[in-house]
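This briefing concerns side-chain pairing, a surface patch and a ligand site. Please consult the sequence and structure below before reading on.

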Amino acid sequence: MTVYFHDIPEIRFEGPETASEFAFRHYNPDQVFMGKPMEEHLRFAVAWWHSFAWPGGDPFGGQTFERPWFGDTMDLAKLKADAAFELFGILGQPFFCFHDADIRPEGASFAESTRNLEEMVDYIGTKMETSGTRLLWGTANLFTHRRFMAGAATNPDPDVFAYSAATVKTCMDATQKLGGQNYVLWGGREGYETLLNTDLKKERDHAGRFLQMVVEYKHKIGFEGTILVEPKPQEPSKHQYDYDVGTVFGFLKEFGLEGEVKMNIEQGHAILAGHSFEHELALAASLGIFGSIDMNRNDYQSGWDTDQFPNSVPEVALAYYEILKAGGFTTGGTNFDAKLRRQSLDPADLVAAHVGAMDVCARGLKAAAALLEDGSLEAARAERYAGWESSETRNVLFEGLQSCFDHVVANNTNPQPKSGRQERLENSLNRFV
Ligand code: XUL
Ligand code: CO
């Protein structure tokens, strides 16, 4: 019996021809290709914060949504959880994700906040048992409350560092208790507004030690999931220490964490950093730190982190192409870190947004798989680098500048430019999307 979404049916796969708004046209969880069912390729998760906690504000206007569970009591937090599991039952997606602040009311003290969290974890745990929905990842909200306005791990006040570390401990405990497959750290306010008041070196050192402490605690409690960092270049802080995948990799190396921590890569954050989503995915895969994705879509004009639901099959296809090439998800998945537009007031909007996004991802995944199986892109790439296949060539060229000089002179080398064939490769791609 559903209450909040009362007249919306469970969503089933009906195929591309269906006219129904509440059916999947492309997401067919059981359809097997490339060795596993579509559900296991995509590993969809619903984000608690955008779908249930976000009030519909923007910088110029406040709340537009009127959800019956809005408010700061435990009863309302449970009502919110009931509605969340109603949506999970309708969508049938295998996972969800949450921050502590999404699922529990803030208490008057740290101890009360922790008690609230623990009670909600038990409540949600019981619901997970009956519904079968699993936890992709948990995380701590170390950015909304005013105590975090100057950062969490990077706050100049050691009391805030301690409060943040204690909060992460409770959230890792909660994630482990609920069988979470990953634990995420997005450094919301780990950055700064002005160098006039900032000791950049100290702040980065503190952030590095904080992350080491997270990894140490993971081993101490035997948490088997993956620790993921989610890069973002700015917004909220002007200068974020976790700007993009390349920056975070350097940070992990500096603090000896590159074998311990992987990346949760978000489409909108990649765009804000001036990259494409697929660039960030390919880079992480090449560095051996690809973990999971936050799937959404940034508006290309506004320059904000608009967190829209994905709607472009060609873009999504390129992302899944990189993910499939990287061997697919292990503990990671596709978390819809996406929110409705603030005028989309109805429960049906929330369901339809996810249904459409799941279909877009399914189409993108299928296109990516077909492109990979077709092999033309990979063959063209291999051909472009074929000159490096010979170990003899590599040995001579990597020996040193003198060896390269001798090689060029001895062979009278005169390199001839070759076409990069971009348009032809784009045409190959367009056969599949
Ligand atoms: C913010 C963002 C967060 C993280 C989790 O831009 O993406 O929701 O995914 O804290
Ligand atoms: Co995110």
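Because R381 and E378 are 3 residues apart in helix α13 (residues 376-384), about one helical turn separates them. In this predicted model, their side chains form a salt bridge with an N to O distance of 2.9 Å.

**Salt bridges**

- R381 is partly exposed, at 38% relative accessibility, and E378 is likewise classed as partly exposed, at 26%.
- E383 pairs with R421 in a salt bridge whose closest N and O atoms are 4.0 Å apart.
- Because E383 belongs to helix α13 and R421 to the loop between α15 (401-411) and α16, this pair ties together parts 38 residues apart in sequence.
- E383 is exposed, with a relative accessible area of 57%, whereas R421 is partly exposed at 28%.
- D374 and R431 also meet in a salt bridge (3.4 Å, N to O).
- That pair links distant parts of the chain, with D374 in helix α12 (residues 347-374) and R431 in the segment after α16 (422-430), 57 residues apart.
- The count of salt bridges comes to 19.

**Surface patch**

- Y385, W388 and F398 make up a nonpolar surface patch with about 380 Å² of accessible area together.
- F398 lies in helix α14 (residues 391-399) and is exposed, at 59% relative accessibility.

**Ligand site**

- The shell around ligand 1 comprises 3 nonpolar, 2 polar and 6 charged residues, including W49, E230 and K232.
- Oxygen atoms of ligand 1 lie 2.7 Å from a polar side-chain atom of H99, 2.9 Å from an N or O atom in the side chain of H269 and 3.2 Å from a polar side-chain atom of D305.
- The protein covers 94% of the 290 Å² of accessible area that ligand 1 has on its own.

Definitions and conventions
Residues numbered from 1 in each chain as written. Chains lettered and ligands numbered in written order. Predicted model: local features only at pLDDT ≥ 70, side-chain atom pairs only at ≥ 80, totals over all residues. Heavy atoms only, no water. Near = heavy atom within 4 Å. Polar contact = N/O pair within 3.5 Å; in protein donor to acceptor, adjacent residues only side chain to side chain. Areas by Shrake-Rupley, 256 points an atom, 1.4 Å probe, with all protein chains shown as cover. Nonpolar A, V, L, I, M, F, W, Y, C, P; charged D, E, K, R; others polar. Patch = residues over 30% accessible without salt bridge, like charges linked within 9 Å, V, L, I, M, F, W, Y side chains within 5 Å. Helix = DSSP H or I, 4+ residues; strand = E, 2+ residues; numbered from the N terminus. Buried < 20%, exposed > 50% of the residue type's maximum accessible area, 1.4 Å probe, protein only.
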